[in-house]
Amino acid sequence: MSLESVLAPLQAALPGWEDLYTDLHRHPELSFAETRTAAELAKRLEADGYEVHTGIGRTGVLGVLRNGPGPKVMLRADIDALPVEEKTGLPYASTARGIDADGRDVPVMHACGHDMHATWLSGAAALLAAGREHWSGTLMIVFQPGEEAGDGAVGMVRDGVFGPAGKPDVVLGQHVVPGPAGWVLTRPGVIMAATDALRITLHGRGGHGSRPETTVDPAVLAASVVLKLQTIVSREISATESAVVTVGSLHVGTAHNIIADHAVLEVNIRSFDQAVREKVVAAVERIVQGEAATAGAPKPPEIERIGAFPVTENDHAATEALTAVFRDHFGEGRVMPAPLVTGSEDFSEFGRAAGVPSVFWLVGGLDEGKVIAAMTAGRFEQDIPSNHSPLFAPIPHPTLSAGVETLVVAALHRLTHPGVG
């Protein structure tokens, strides 16, 4: 009955949440530039009666609602956007631009659905505050910046996000995915991959394009490195394990008749197991060093780690208990096992830093009929835009209500069953 009472205002609140969602979608902001977004979300938390702390980890927001004795439950949403030019054609499509970390003017879009995440959490925070007579404990509402940059969660932890209310007893979060709107997908244990991003500078000896014999050509060296890196997964990782190695960026030279003196590659590595992760990174470093030596490079390559995400791993007992609660609320047909996701998240940094269980699940956000038809025809990858696509945009309904409900259901479950999982 307490859940029904807390959720009772949901339908009446949907138009306001849709306005918030479309506003955030129109006005996306890059990592650590989310000033407008943070201000709007903080204002709403204050109106709902939360004690609000801003500027945590640069642009992060913490809302605390103390409501008597009981567990401390933390709910988290990320709020940053991506340097992507939107091509959805929606009436509320973004035309925003921003300055990226390298000082470049770039288009900006909520291509990963963080605008939906922020709206979900704002809505859930409002319902839980209005229904506080039905639960006891402390709510910690965290709007996290810089998830796409990979250090937003760590930055908030270092900047004292646990200071005002102490460490939570559990950390809960979710992500919109290109599945049928309203579907909820859970998975005990590892659910999302670790990421390691490397910037590699290969040194050569420059010269005239007509006299390659006087040079060490970094373009040829880079090409050799790229091809050799593709053998790591196929020849060094067991078929029963998994990893991905991608060279996403390669820059060399300035003109057709000049042999440059260096090349720069950026490499992205995905893995689900720490031993595999270490093995792949070591293999990349070994290959780069070896190819440079073979080419006669005048000095060793430079290998710089430019980003890392941990494996997102769910607490088994807490996830299984929450999955059962979701099934009771939504029905068996809407709660599915989540696949392993090769994308990455920094959500688990909060639970790891606090030393408490964390649970992260997925919520579908696209038209159910279109998704099912594409799956049936074997054209899901071709016809359905994924996160980070310029065409990705969750439909407001029923995505908004489903995501708010999951957070409320999960929070109330932990607040009213403190000994579980």
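Biologist: Thr 312: buried or exposed?

Modeller: Thr 312 counts as buried because its relative accessibility is 1%. Buried means under 20% relative accessible area, exposed over 50%, and partly exposed in between (1.4 Å probe, protein chains only).

Biologist: What kind of model is this, and how are residues numbered?

Modeller: This is a predicted model, with residues numbered from 1 along each chain as its sequence is written. Local features need pLDDT of at least 70 and side-chain atom pairs 80 or more, totals for chains, interfaces and linings use all residues, and side-chain values use heavy atoms, leaving out hydrogens and water.

Biologist: OK, where does Thr 312 sit?

Modeller: Thr 312 is in strand β16, residues 312–314. Strands (E, at least two residues) and helices (H or I, at least four) are DSSP runs, numbered from the N terminus.

Biologist: Which residues does Thr 312 touch?

Modeller: Leaving aside residues up to four places away in sequence, Thr 312 touches Gly 189, Val 190, Ile 191, Met 192, Glu 345, Phe 347, Ser 348 and Phe 360. Contact means heavy atoms within 4.5 Å.

Biologist: Switching to the open sheet: what's the order of its strands?

Modeller: Eight strands, in the order β1-β2-β6-β3-β7-β18-β8-β17, with mixed pairing. Two strands pair if DSSP finds at least two bridges between them.

Biologist: Which ones are at the edges?

Modeller: β1 (51–56) and β17 (335–337), and each pairs on one side only.

Biologist: And β18, how many of its residues are buried?

Modeller: Nine of nine, so to speak a mostly covered strand, spanning residues 358–366.

Biologist: How many bridges join β18 to β7, and how many to β8?

Modeller: Strand β7 (residues 170–180) runs parallel to β18, with eight bridges, and there Val 171 stands opposite Ser 358. Strand β8 (residues 184–186) runs antiparallel to β18, with two bridges, and Val 184 faces Val 363 in β18.

Biologist: What about β2 and β6, parallel or antiparallel?

Modeller: Antiparallel, over seven bridges, with β2 covering residues 60–67 and β6 covering residues 137–144. Val 61 stands opposite Phe 143 in β6.

Biologist: New topic, helices. At what angle do α2 and α13 cross?

Modeller: Roughly 110°, and the axes of α2 (residues 10–26) and α13 (residues 396–416) come within 10 Å. On the α2 side, the contact is made by Leu 10, Leu 14, Trp 17, Glu 18 and Tyr 21, and on the α13 side by Pro 396, His 397, Leu 400, Ser 401, Val 404 and Glu 405. Axes are lines fitted to C-alpha atoms, for helices over the stretch in contact, and angles run from 0 to 180 degrees between N-to-C directions.
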